Amino acid sequence: MGELQELVTHERIRRLKYRYMRAIDTHDLAIFREVFCEDARVWFGNGTYSNTGIENILGFFTGLLTPGFVTSHIAVHPEIDITGEDTASAIWRVEDTCHFIAPLPEVVAFPLTGGEVLQGAGHYYDEYVRLDGAWKIKSSGYVRIYEHIQHPGGREAELIVDPNLGVRR
Amino acid sequence: MGELQELVTHERIRRLKYRYMRAIDTHDLAIFREVFCEDARVWFGNGTYSNTGIENILGFFTGLLTPGFVTSHIAVHPEIDITGEDTASAIWRVEDTCHFIAPLPEVVAFPLTGGEVLQGAGHYYDEYVRLDGAWKIKSSGYVRIYEHIQHPGGREAELIVDPNLGVRR
Amino acid sequence: MGELQELVTHERIRRLKYRYMRAIDTHDLAIFREVFCEDARVWFGNGTYSNTGIENILGFFTGLLTPGFVTSHIAVHPEIDITGEDTASAIWRVEDTCHFIAPLPEVVAFPLTGGEVLQGAGHYYDEYVRLDGAWKIKSSGYVRIYEHIQHPGGREAELIVDPNLGVRR
């Protein structure tokens, strides 16, 4: 692949990611069907929330993206590698702020009473595939640097740190 | 427009935006006259603060960017569309933290005593135009996902959420 | 340099920066030796922490990136200028959140008891050089817009603002 085609590919993959991120924070479920391939996999929270196949992913997001989940996720620092004619991978920095206005018992593994504010930092490790000329997310998940959780009612905040900080290569 | 010219145009529009964002947070009023076209329009806070024409925009920013307004605004996730030979549009994610050290009665519509900290998330919807070879902002404004306002003196924080979350397409 | 080579150079410099930022937040000391040139200079905190030469820089980061320093740094808004065949400079917006879990008496100039949370905003002013075909950081430092420091034990937060806000050109 020549230099121009590499740059064009980077731009298309960045744009795919930005469209996906917009879908999360605006609760725009229609976009999810466009950005993932059929057999895509997502793994969030270091793999606690893992789903394979577009219907399972849509089911997960339909349960999550309710009025009680008000969020800002940003993906920056794209380190994109083109790994084949129609495949690519990327590392991204993610920062997210999640206002849990209501508990989300069906999709969130830890106890939430509602009123929590989570501020997280981490890295996405994504895989992409080109199908009929269009780049799609093949797999996407993140490893946390830390999660900071503020609880309602004056309880002290928690900071959960990656136990592998400085160890992972 | 060929692929290379598209990429060059994207780069120029991103750079225009970054220069504008730097002007906001460093209170560098001279930059505003360079980045907007004469008949530009800005609409902030879902349109609460709307100004048309470079002189009105400069007047608005001159009133806003005072020592009592200390801020960090970041624009990420550019989704740029070239819409004509000399026109383009873009959606950007914005995150901002605003420290209102002093009240700003002339420019801010809601009551501020000073001491508030606003953390906002949203999307810019921008229009650009190329004049004599240089890209300029034709219109810029944002729609909020949410605003979180911390008040001084221990008053409980407010979270104001986009009522159209999950509805807007 | 033609337009394509300019875009390729921008991409390489952005990627160099993203790799460096990842090293900071993951405490990956091996990366630092790859991203800096031998006689590089870093100057942080408006120049309070200044180090020249790769060994001094590594020594500084080795002291800083301990389990008591848990952070998220993001660099956005790259304004890159190619200044010669093998030299470039850039302004970047930086936002960082630093959780000081433990005091860092050897590397941090201001008194820390442990438990502080610093949220900073500023601009990096970087210089890059190309050596044997690979872009390296020649110098990197930042000027603050503000630093917001939350202390443990209910002490009131501090906001330290750039005294030159609106003055610097």
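Reply: First, a convention for the residue classes: Ala, Val, Leu, Ile, Met, Phe, Trp, Tyr, Cys and Pro count as nonpolar, Asp, Glu, Lys and Arg as charged, and the others, Gly among them, as polar. On that basis, the lining of the largest cavity has 13 nonpolar, 4 polar and 6 charged residues. Note that this is a predicted model.

Me: OK. How many cavities of 30 Å³ or more does a search of the whole structure find?
Reply: The search finds 2 cavities at that cut-off. The volume of the largest cavity is about 290 Å³, and that of the second largest cavity is about 100 Å³.

Me: Take the largest cavity. Which residues lie nearest its centre?
Reply: A:Tyr18, B:Tyr18, C:Arg14, C:Tyr18 and C:Pro78 do, out of 23 residues in the lining.

Me: And which helices and strands each supply at least two residues of that lining?
Reply: In chain A they are H1 and strand S3 (69-84), in chain B H1 and S3, and in chain C H1 and strand S3 (69-82). S3(C) has the largest share of the lining of the largest cavity, with 5 residues.

Me: Now the second largest cavity. Which residues line it?
Reply: From chain A, A:Leu7, A:His10, A:Glu11 and A:Arg14 line the second largest cavity. Chain B gives B:Leu7, B:His10, B:Glu11 and B:Arg14, and chain C gives C:Leu7, C:Glu11 and C:Arg14.

Me: What is the split by class there?
Reply: The lining of the second largest cavity has 3 nonpolar, 2 polar and 6 charged residues. H1 of chain A, H1 of chain B and H1 of chain C each supply at least two of the lining residues.

Me: Let's do those helices, then. At roughly what angle do H1(A) and H1(B) cross?
Reply: Helix H1 (residues 3-26) of chain A and helix H1 (residues 3-26) of chain B cross at roughly 50°, and their axes come within 10 Å. H1(A) and H1(B) are therefore oblique to each other.

Me: Is that crossing left-handed or right-handed?
Reply: H1(A) passes H1(B) in a left-handed crossing. On the H1(A) side the contact is made by A:Leu4, A:Gln5, A:Leu7, A:Val8, A:Glu11, A:Arg12 and A:Arg14. On the H1(B) side it is made by B:Glu3, B:Leu4, B:Leu7, B:His10 and B:Arg14. By class, the contact of H1(A) with H1(B) has 5 nonpolar, 2 polar and 5 charged residues.

Me: What about H1(B) and H1(C): how do their axes cross?
Reply: The axes of H1(B) and helix H1 (residues 3-26) of chain C come within 10 Å and cross at roughly 50°. H1(B) and H1(C) are therefore oblique, and their crossing is left-handed.

Me: Which residues meet between H1(B) and H1(C)?
Reply: H1(B) brings B:Leu4, B:Gln5, B:Leu7, B:Val8, B:Glu11, B:Arg12 and B:Arg14. These meet C:Glu3, C:Leu4, C:Leu7, C:His10 and C:Arg14 in H1(C). The contact of H1(B) with H1(C) divides into 5 nonpolar, 2 polar and 5 charged residues.

Me: That leaves H1(A) and H1(C). At roughly what angle do they cross?
Reply: H1(A) and H1(C) cross at roughly 50°, with axes that come within 10 Å. That makes H1(A) oblique to H1(C). The crossing of H1(A) and H1(C) is left-handed.

Me: Which residues of H1(A) meet H1(C)?
Reply: A:Glu3, A:Leu4, A:Leu7, A:His10 and A:Arg14 do. Their partners in H1(C) are C:Leu4, C:Gln5, C:Leu7, C:Val8, C:Glu11, C:Arg12 and C:Arg14. By class, the contact of H1(A) with H1(C) has 5 nonpolar, 2 polar and 5 charged residues.

Technical notes:
Residues are numbered from 1 along each chain as its sequence is written. Chains are lettered from A and ligands numbered from 1 in the order in which they are written. This is a predicted model: local features need pLDDT of at least 70, side-chain atom pairs count only at pLDDT 80 or more; totals for chains, interfaces and linings use all residues. Side-chain values use heavy atoms; hydrogens and water are left out. Axes are lines fitted to C-alpha atoms, for helices over the stretch in contact, and angles run from 0 to 180 degrees between N-to-C directions. Helices (H or I, at least four residues) and strands (E, at least two) are DSSP runs, numbered from the N terminus. Angles under 35 degrees count as roughly parallel, over 145 as roughly antiparallel, 65 to 115 as roughly perpendicular and the rest as oblique. A crossing is left-handed if the near helix is turned anticlockwise from the far one by less than a right angle, and right-handed if clockwise. Contact means heavy atoms within 4.5 Å. On a 1 Å grid over the protein atoms alone, a cavity is a set of points where a 1.4 Å probe fits but cannot get out, and a pocket is an open set with protein on both sides within 12 Å along at least five of seven lines; lining residues have an atom within 4 Å of a point. Grid points are joined across faces, edges and corners, and a volume is the space filled by probe spheres set on the points.
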